[in-house]
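Welcome! Please take a moment to look over the sequence and the 3D structure below before reading on.

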Amino acid sequence: MKNSAALSVLGAGTLWGLIGLFVHILAGKGFDPLQITTLRVTTAMVLTGLIIGRRDAKLFAIVPKDSWLFFGNGVIGLVFFNWCYFNAIAGGSLAIAALLLYTAPVFVMLMSVALFHEKLTKEKIVALILTFIGCGCITGAFSGSLAVSRQTFLYGLGSGFGYALYSIFGKPATQKYSPFTVSLWCFIFAAAFTLPFSGLAGKIGLFSDWQVWGGILGIGLISCVLPNVLYMNGLQKLEAGHAAILATIEPVVAAIVSFLFLGETFTLQKLLGIVLILAAVPILNHSADKK
């Protein structure tokens, strides 16, 4: 039973790691990061709605006074995280963007200390130091020659911060509603916010290209809806900390994809940065398990 749950989480992380391929396709066709974000959340909204319609129509319902949770989860968290992440990928490095995204657990830890008065343990301090050194290694900051631009680096950190906000707002929402309900309304608010500003109406001609539709289905179905379903299935049978550790296969897959398909190269310093940032995740989860 646990083996199948672990495989589900590993499958989710693998599918999330493929997102760079679809971003690369859509960006190559002329879509900017905000438009790609809009395509992702809108496609995910439609597909999640179809899944809920087949499972249980009652999952559509929410209490209006809880709308602020879904606004925070969908707009402040998901939209900001995706926009920053896709800008970081557009900066030329899928692997570095994926690794900087995994600074999110550190941001969650720092916000939890400030907002929820959680203790700043030794494990958390070690994880913070490892993440800081790892970021320095993968960007080349310690050697005096940046491997990525300052803008790309800030977008990468922004994606980690946005993903942390996504978790902060999502936590109280999932305590009151089904994960499917939370996901759907998160996508609804995200799509409603981005569609009016996306400028997609000016790109109508691009939708006649089958590769564009492949990218849209890839970014909305393969690397959004399907991994969410797999991850939730795994969470039903695994501890959250163990699932989070298994999900760190995502940046590893992203690094392999960037090397095999996008022509990115790796130095020993970058590889050390990868190891340090990934090492911080199980340390934080060990701290959570102890608590």
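What follows is a short tour of this structure, from its overall build to its charged pairs, rings and cores.

## About the model

This is a predicted model, in which local features need pLDDT of at least 70 and side-chain atom pairs count only at pLDDT 80 or more, while totals for chains, interfaces and linings use all residues. Residues are numbered from 1 along each chain as its sequence is written, and side-chain values use heavy atoms, with hydrogens and water left out.

## Overall build

The protein has 13 helices and zero strands. Here helices (H or I, at least four residues) and strands (E, at least two) are DSSP runs, numbered from the N terminus.

Of the 291 residues, 48% are buried; buried means under 20% relative accessible area, exposed over 50%, and partly exposed in between, using a 1.4 Å probe and protein chains only. The accessible surface is about 13,800 Å², and carbon and sulfur atoms hold 70% of that; such areas come from the Shrake-Rupley method with a 1.4 Å probe, and for residues only the protein chains shown count as cover. Among contacts (heavy atoms within 4.5 Å) with a separation of 6 or more, 85% join residues 24 or more positions apart.

## Charged pairs

Side chains of opposite charge can pair when their charged atoms come close. A salt bridge is a side-chain nitrogen of Lys or Arg within 4 Å of a carboxyl oxygen of Asp or Glu, and the count here comes to two.

K29 sits in the loop between α2 (19-28) and α3 (33-55) and D209 in the loop between α9 (179-198) and α10 (210-235), so the pair ties together parts 180 residues apart in sequence. K29 is partly exposed at 27% relative accessibility, and D209 is partly exposed at 23%.

K176 and D66 form a salt bridge as well, their closest N and O atoms being 3.0 Å apart. K176 lies in the loop between α8 (150-174) and α9, and D66 in the loop between α3 and α4 (67-90), 110 residues away. D66 is buried, at 5% relative accessibility.

## Aromatic rings

How many aromatic pairs does a search of the whole structure find? There are twelve. Rings of Phe, Tyr and Trp (its six-membered ring) pair if their centres lie within 6.5 Å; planes under 30 degrees apart count as stacked, over 60 as edge-to-face and the rest as tilted.

The ring centres of F81 and Y163 are 5.0 Å apart and their planes meet at 55°, so this pair is tilted. F81 belongs to helix α4 and Y163 to helix α8, 82 residues apart. F81 is buried at 7% relative accessibility, whereas Y163 is partly exposed at 31%. Ring pairs also link F81, Y85, F86 and Y163 into a cluster.

## Nonpolar cores

In soluble globular proteins, nonpolar side chains tend to be buried together. A nonpolar core is a set of buried Ala, Val, Leu, Ile, Met, Phe, Trp, Tyr and Cys residues joined through side-chain atoms within 4.5 Å. The largest one has 36 residues, and those with the most contacts inside it are L26, F31, Y85, F86 and I219. Its largest share, eight residues, comes from α4.

Leaving aside neighbours within four places in sequence, Y85 touches I19, L94, A97, A98, L101, S159 and E250.
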